[in-house]
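Subject: A structure for you to explore

Hi,

Here is the structure I promised to hand over. Have a look around it first, and then read my notes below.

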Amino acid sequence: MKSFDLLRYLKKWWFVIMLVTAVGCLGVYEFISSRQSYTATAVIQYAGPNVSEGLNADGTRIDPSEITSASVINKTIQDLGLTASTESIRPRISVQEVIPEDEETKKETALSNGDEYEYYPTTYAVSFTVDSKDATDYARNVLDSVLTNYFQYYSETHVDADIFPNNASNVSVANYEYIDCVEILRNNANESAAFLRKKAEEKYGFYSVKSGYSFSDLVSEYEYLTQNALNDLYAYVINNKLVRDHNLLVNTKKNAILRYQLQIDSLNNNISEAKDIIDQFGDKTLDGAAVYSANRNADGGETQIITDVVRDYTTQPSGDVTTTYDKLIRHYADLHAERIDAAIAQGKAQEILDAYADVTRNTDPASAEALWASDRIDELVQKFTSLYELSIETVEEFNQVNGADNIKMKNSIVVNAKLNLKLYAALSVILFLFLGCFCAIFLGRLGDFVDYYLYVDKKSGLPNRERCDAMVDRYSTVRLNGQFTVIHIQVDLSGMSRNDGDKALRALGDQLQYVFRTLGFVGYNGAGHFIVLLEDCSIDLARNCVDRLSNLLAKTELAVFGPCVFVGVSNSAKDDAYEIRALLRLAIRRCADAKARQEAENARKAAESSPLKSES
């Protein structure tokens with residue numbers, strides 16, 4: 001059997017090595033990719049005066065689970081134009097508290113000393129995980145949108161709970177009186193301007209990038225429409241006495257005047273009571289009775305002598321109600337302000353009632369005045385609607401900025417892969433390269449075993465008769481080149497015992513392999529016959545190899561048997577034969593001739609050495 005030759009196996013089965021490596025790496029890549037995931041992570045930190053106590057700006061408890069609330073997720077889906085559902089995104093969002101190491105030390109120290117320990121986390125890691133089929137940009141964009149919408153939600157819910165006044169988009173002559181349309185638009189403009197003016201005071205210099213307006217700009221727009229367009233329209237309606245239903249308008253204004261008068265009377269009584277209490281509070285303060293009292297409530301706390309001075313029915317008094325002089329004054333001023341507002345509203349209603357006092361019939365809707373007023377109202381509604389949309393856009397951006405002031409981003413969004421594909425790819429290349437080499441060695445060695453047991457003669461160690469026939473059949477299908485040489489060798493085993501014959505075959509086989517293994521095919525054709533097939537070997541080189549073989553055999557055990565190895569050589573160029581079987585026949589015949597000559601020589605020598613002489 002052939003000796004173990006690692007390089008021969010690797011060279012012969014290199015395509016198996018490449019195939020195993022390629023298929024294995026591809027399989028590993030697909031397997032790892034199917035289990036790959038990408039996680040976008042950002043760290044946020046709550047800020048505010050009471051954040052160390054776990055409270056939001058409005059005093060409620062910090063609840064990071066609001067990040068995954070339905071309103072935030074739905075807004076994210078709308079902003080990104082996703083087709084995913086809320087429940088498909090929410091489970092992928094994770095919110096984990098981040099506790100500093102020093103807090104762990106403080107906790108251990110406090111507990112070891114038997115002290116109470118209480119810590120409210122203010123820093124949280126928010127992450128969003130997607131499967132490998134999704135791009136990393138998708139994870140980053142979704143998390144960014146979620147945090148942006150959460151900041152806006154947080155600002156609207158816990159920082160700025162004021163609601164922007166509704167838009168007066170449904171105002172039209174078909175639904176309201178001409179004069180009422182103007183008043184509704186005026187009230188809406190005044191409320192909107194007041195809201196925006198308050199926002200301008202909260203964050204001076206805020207400028208919306210989306211709308212291109214600041215709160216001051218929007219206030220100016222509302223004031224311009226109110227002071228010019230609305231006042232002009234109001235004067236036009238009053239001067240032309242435009243009315244859809246005169247009786248209804250008159251009755252409505254009369255009822256409004258009566259309602260405002262009842263409100264004014266009630267406020268006058270409250271103002272009088274508040275004034276009396278203020279005077280009493282001042283008198284009691286002089287003797288200290290307004291500050292201290294011997295009375296105690298049920299839980300032992302001090303109580304004040306005045307517990308319900310301010311008749312604010314929206315606030316329920318508790319067991320310990322403290323009323324200060326400043327609170328009394330503010331309540332007194334608020335009552336006066338309410339009375340002034342009611343008096344102004346009553347005056348406006350009376351003014352309208354007086355203007356329409358001499359009107360006896362309704363305005364013709366098809367008249368030029370009515371059509372102009374109706375078109376002007378519709379035009380103003382459109383302008384207010386456009387201004388309302390700009391205001392909403394500005395307020396939303398303000399809420400995002402305001403929320404960001406109370407929730408700070410500690411770092412930018414980072415996307416990390418769960419598995420390192422490059423590392424696994426490199427390891428798989430190394431692993432399957434070794435596996436491919438092992439397969440090549442296994443197949444090569446297996447081939448050696450199969451070849452040895454099926455196609456190797458066990459006595460000579462050379463390819464057997466089947467392999468010799470196969471090689472002859474292989475060359476019989478082609479025309480041989482000009483330097484194809486066939487060597488036929490025969491060993492005479494007739495004078496040897498069985499064991500000596502086996503040794504002779506082994507010795508001759510070993511020497512043949514030694515001389516011809518790098519030049520071509522060497523095989524044992526049975527019955528002491530060997531053939532050597534050399535594709536590119538001149539006749540001179542073949543004869544030199546035969547001489548070398550003869551010298552080597554002279555040093556082996558075959559030397560004791562005398563001339564017992566016979567050689568016949570044929571060459572395609574020299575013999576002008578380019579067919580394998582023809583060359584083989586020539587080599588066999590020449591080998592037989594050499595054997596015959598040797599036998600004749602042996603017979604002659606035997607006759608000469610014989611003591612018997614033949615007589616004539």
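Let's begin with one side chain: Lys75 is partly exposed, with a relative accessible area of 27%. (Buried means under 20% relative accessible area, exposed means over 50%, and partly exposed is in between, using a 1.4 Å probe and protein chains only.) Before going on, please note that this is a predicted model, in which local features need pLDDT of at least 70 and side-chain atom pairs count only at pLDDT 80 or more, while totals for chains, interfaces and linings use all residues. Residues are numbered from 1 along each chain as its sequence is written, and side-chain values use heavy atoms, with hydrogens and water left out.

**Salt bridges**

What does Lys75 meet in a salt bridge? The partner is the side chain of Asp79, at 3.1 Å from N to O. (A salt bridge here is a side-chain nitrogen of Lys or Arg within 4 Å of a carboxyl oxygen of Asp or Glu.) Asp79 is also partly exposed, at 43%. (Helices, H or I with at least four residues, and strands, E with at least two, are DSSP runs numbered from the N terminus.)

The whole structure has 14 salt bridges. Here are some others to find:

- Lys459 pairs with Asp502, with the closest N and O atoms 3.7 Å apart. Lys459 lies in the loop between α12 (421-455) and α13 (465-476), and Asp502 in helix α14 (residues 498-516), so the pair ties together parts that are 43 residues apart in sequence. Lys459 is partly exposed at 39%, and Asp502 is partly exposed at 25%.
- Arg581 meets Asp473 at 2.8 Å, N to O. This pair links distant parts of the chain, with Arg581 in helix α17 (residues 580-608) and Asp473 in helix α13, 108 residues apart. Both are partly exposed, Arg581 at 36% and Asp473 at 41%.
- Arg376, Glu379 and Lys383 are linked in a network of salt bridges.

**The overall picture**

The protein has 17 helices and 9 strands. Of its 616 residues, 38% count as buried. Among contacts (heavy atoms within 4.5 Å) between residues at least 6 apart in sequence, 78% join residues at least 24 apart.

**Strands and sheets**

Look for an open sheet of 4 strands, antiparallel in its pairing, with the order β7-β8-β6-β9. (Two strands pair if DSSP finds at least two bridges between them.) β7 (521-526) and β9 (565-571) are at the edges with a single partner strand each, so one side of each is left without a neighbour in the sheet. From one strand to the next, the twist averages 20°. β7 pairs with strand β8 (residues 529-534) over 5 bridges, and Gly523 has Ile531 in β8 as its bridge partner.

Helix α15 (residues 539-553) lies across β6 (485-491) and β9, running at about 170° to β9. (Axes are lines fitted to C-alpha atoms, for helices over the stretch in contact, and angles run from 0 to 180 degrees between N-to-C directions.)

Now find strand β3 (residues 123-131): 7 of its 9 residues are buried, so β3 is largely enclosed by the rest of the structure. Strand β1 (residues 37-46) is antiparallel to β3 and joined to it by 9 bridges, with Ala40 opposite Phe128. Strand β2 (residues 93-97) also pairs with β3 in the antiparallel sense, over 5 bridges, and Ser94 has Ser127 as its bridge partner there.

**Nonpolar cores**

The largest nonpolar core has 43 residues, of which Leu196, Tyr222 and Tyr356 touch the most other members. (Such a core is a set of buried Ala, Val, Leu, Ile, Met, Phe, Trp, Tyr and Cys residues joined through side-chain atoms within 4.5 Å.) Two or more residues come from each of α7 (178-202), α8 (215-239), α10 (325-355) and α11 (368-406). Of these, α8 gives the largest share, 11 residues. A second, separate core of 28 residues includes Ile62, Tyr124, Val142 and Leu147.

**From the record**

The unreviewed UniProt entry annotates residues 12-32 and 423-443 as "transmembrane region". (UniProt positions are given in the numbering used here, feature names are shortened, and annotations may be inferred rather than shown by experiment.) In the model, residues 12-32 are 95% helix, with their end C-alpha atoms 32 Å apart. Residues 423-443 are 100% helix, and their end C-alpha atoms lie 30 Å apart.

Happy exploring!
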